[in-house]
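Please read these points with the model open beside you.

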Amino acid sequence: MNCSKTPGFVLSGVSNDAEKWQFLFLLFLTLYLLGLLGNLILLLAIITDIRLHTPMYFFLSQLSFVDLCFTTTTTPKMLGDLWTRSGSISFSGCLTQLYFFAVFADMDNLLLMVMAIDRYAAICHPLWYPLLMTPCRCGGLVGVSWGVAHSVSLIHTILLSQLSFYTNQDIPHYFCDFGPLLWLSCSDTHLNEDLMMALAGFLGMMPLLCIISSYAHIFYAVVRVPSAQGKRKALATCSSHISMVILFYSTVFATYLKPPSTSHSSGELVAAVMYTLVIPTLNPFIYSLRNKDVKSSLKMILGMKNFQD
């Protein structure tokens, strides 16, 4: 097989299923539109309701914005491939999609860590909370997260652009991801794999350990609360975030907890659909259904007189 610095690829993760493409198209389109609508409404609620101008909701608004971008990076291309039954993508288009996919995936990860830190400060240090989580510090945490996400993604993309790849090959995925691309490379990928594993380990384990540590302190503080009502109130502010953390990390680990250049199975594709499309769609509904302040704001925005508590 010939090698090239600028090969063309075919994304064959879902477009080659001739029997199910109509069902998959309608399913993914419905999920995508629900995700767009849910995240846009949640963003609008947080921006317009002054009661939601707090650090927790500021971070949630950032997460909604990231989820909007995250799903838009991969889903429209997947829907187009299902509709046209082609799946072809240029090398430059593949690298562009990969760059933004990595940015928003890392931002999801880092924002979940930042939100855990916010809950730790609010529950374990309530008197110091206004001084700890000032608007400047909140903006700094988000700004640093964006900087780290863009830097890591840029490093990976530049290194991938230096490799040669087999021409006219199928990528067994529905978007350009690091593992399938390395699998199709005819160059030495040891540097890419080692750096990917190191950065993925750092960006994967460091936020997760921070989240675990934050909730260990939170649960220890809640145990010492004398009243049952106080315990429920403290844990209620964390339940939505815990649900998001469990969903995100379980699907990410199912997809990436393996050497990056090994082939993808159908189970990994399902896990990838979960964290790139299903979870961003569920996030705004998880928060709106479990949060009275958000439900009250949505009631005003949507003009609903009977929004169930």
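1. The second largest pocket holds about 410 Å³ of space. A pocket here is an open set of points on a 1 Å grid over the protein atoms alone, where a 1.4 Å probe fits, with protein on both sides within 12 Å along at least five of seven lines. Its volume is the space filled by probe spheres set on the points, which are joined across faces, edges and corners. This is a predicted model: local features need pLDDT of at least 70, side-chain atom pairs count only at pLDDT 80 or more, and totals for chains, interfaces and linings use all residues. Residues are numbered from 1 along each chain as its sequence is written, and side-chain values use heavy atoms, with hydrogens and water left out.

2. Now the lining of that pocket. Lining residues have an atom within 4 Å of a point. There are 17 of them, and Met56, Arg119, Lys233, Thr237 and Asp293 lie nearest the centre. By type, the lining has 8 nonpolar, 4 polar and 5 charged residues. Nonpolar covers Ala, Val, Leu, Ile, Met, Phe, Trp, Tyr, Cys and Pro; charged covers Asp, Glu, Lys and Arg; the others, Gly among them, are polar.

3. Which helix gives the most to this lining? Helix 8 does, with 5 residues. At least two residues each come from helix 2, helix 3 (91–124), helix 8 (228–256), helix 9 (266–290) and helix 10 (292–302). Helices (H or I, at least four residues) and strands (E, at least two) are DSSP runs, numbered from the N terminus.

4. Threonine 74 sits in helix 2 (residues 55–84). Is threonine 74 buried or exposed? It is buried, because its relative accessibility is 0%. Buried means under 20% relative accessible area, exposed over 50%, and partly exposed in between (1.4 Å probe, protein chains only). Contact means heavy atoms within 4.5 Å.

5. Asparagine 39 belongs to helix 1 (residues 21–48). With 2% relative accessibility, asparagine 39 is buried too. Leaving out residues up to four places away in sequence, asparagine 39 touches Ser64, Asp67, Leu68, Pro280 and Pro284.

6. Valine 148 lies in helix 5 (residues 135–161). Its relative accessibility is 29%, so valine 148 counts as partly exposed. Not counting residues up to four places away in sequence, valine 148 touches Leu110 and Leu203. Valine 103 is 45 residues away along the chain, and the two C-alpha atoms are 8.7 Å apart.

7. Serine 227 is in the loop between helix 7 (190–223) and helix 8. Serine 227 is partly exposed, at 36% relative accessible area. From serine 227 to leucine 127 is 100 residues in sequence and 19 Å in space, C-alpha to C-alpha.

8. Strand 2 (residues 9–11) pairs with strand 3 in the antiparallel sense over 2 bridges. Two strands pair if DSSP finds at least two bridges between them. Valine 10 stands opposite serine 88 of strand 3.

9. Last, confidence. pLDDT is the predictor's confidence in each residue, from 0 to 100. The chain averages 84, and 91% of the residues score at least 70. Residues 305–309 fall below 50, and this stretch has 6 contacts in the model beyond near neighbours in sequence. Where pLDDT is low, the predicted coordinates should not be read in detail.
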